[in-house]
Amino acid sequence: MQNAIIYPSLMLVAGIGIPVMATLNSGLGVKLGSSALATTVLFFVGLVISAAYLLKTEGLPSEIIHRGISWYFYLGGILVAFYILSVTWVSPKYGVGNAVSFVLLGQLLAISVIDHFGLFGAQQSSLDTKRLIGLTMMVFGVLLVVKRTN
C-alpha cells in the first residue's frame with residue numbers, strides 16, 4: 001500500500017522536474033551563449049551529486065562494466081545527453097511548453113512500444129483497448145497543449 005503512494009508521488013515530482021530543468025538549462029544556455037556548455041555544466045553537477053549519492057549509499061563499486069550485461073544497457077547516457085542538448089537548444093526558440101510537450105508525446109509512444117513488447121527486459125504490459133484509448137486521449141491532450149508558432 002505504501003508503494004501506491006510513494007512511487008507515484010516520487011515520479012510526479014520527477015515529472016515536475018523535467019520542465020523546470022528544461023527551463024533552467026535553456027536559460028543557462030542563453031546566458032552562457034552555448035547550449036553545449038550549459039549541458040556540460042548540468043552533467044557535471046549531476047555527476048557530482050550522483051557520485052556523492054553512490055559513495056554514501058553503496059560505496060565504491062568494484063567494477064562498472066560487467067560482462068553479463070548487454071552493451072546496449074550502457075547507451076542511456078547517449079539518450080539523456082541528446083535530450084538535454086536538444087531541449088536546451090530548442091526551448092529558447094520554440095518555447096519550453098512546446099518542447100516538453102513533444103518530449104511527452106515521444107515518451108508516450110515509446111512507453112507503449114516498450115511495455116507492449118517488454119523490450120530491454122521491462123515488465124511486459126500489453127496494449128489493450130483501455131490503454132490504447134487512454135494513450136490516444138493523452139496524445140490529443142498533448143497536441144491541444146502545444147502552442148502553434150510560425
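Student: What is the relative accessible area of His66?
Tutor: His66 has a relative accessible area of 35%, so it is partly exposed. That class lies between buried (under 20% relative accessible area) and exposed (over 50%), with a 1.4 Å probe and protein chains only.

Student: What kind of model is this?
Tutor: This is a predicted model: local features need pLDDT of at least 70, side-chain atom pairs count only at pLDDT 80 or more, and totals for chains, interfaces and linings use all residues. Residues are numbered from 1 along each chain as its sequence is written, and side-chain values use heavy atoms, leaving out hydrogens and water.

Student: Back to His66. Where does it sit?
Tutor: In the loop between α2 and α3.

Student: And Ser26, which helix is that in?
Tutor: Ser26 is in helix α1, which covers residues 3–32. Helices here are DSSP runs (H or I, at least four residues; strands are E, at least two), numbered from the N terminus.

Student: Buried or exposed, that Ser26?
Tutor: Ser26 counts as buried because its relative accessibility is 5%.

Student: Which residues does Ser26 touch?
Tutor: Leave out residues up to four places away in sequence, and Ser26 touches Val87, Thr88, Ser91, Pro92 and Val96. Contact means heavy atoms within 4.5 Å.

Student: How far apart are His66 and Ser26?
Tutor: In sequence, 40 residues. In space, 36 Å, C-alpha to C-alpha.

Student: Let's zoom out. How many helices and strands are there in the protein chain?
Tutor: The protein chain has 5 helices and 0 strands. Its pattern along the sequence reads α-α-α-α-α.

Student: What does the C-alpha trace span?
Tutor: About 50 × 45 × 35 Å along the principal axes of the protein chain.

Student: What share of the residues in the protein chain count as buried?
Tutor: 16% of the 150 residues.

Student: What about contacts in the protein chain, what share join residues at least 24 apart?
Tutor: 62%, taken among contacts between residues at least 6 apart in sequence.

Student: New topic, aromatics. How many aromatic pairs turn up?
Tutor: A search of the whole structure gives 4 aromatic pairs. One of them is Trp71 with Tyr72, an edge-to-face pair. Rings of Phe, Tyr and Trp (its six-membered ring) pair if their centres lie within 6.5 Å; planes under 30 degrees apart are stacked, over 60 edge-to-face, the rest tilted.

Student: Which residues make up the aromatic cluster?
Tutor: Trp71, Tyr72, Phe73 and Phe120 form one cluster.

Student: Take Trp71. Is it buried or exposed?
Tutor: Trp71 counts as exposed because its relative accessibility is 63%.
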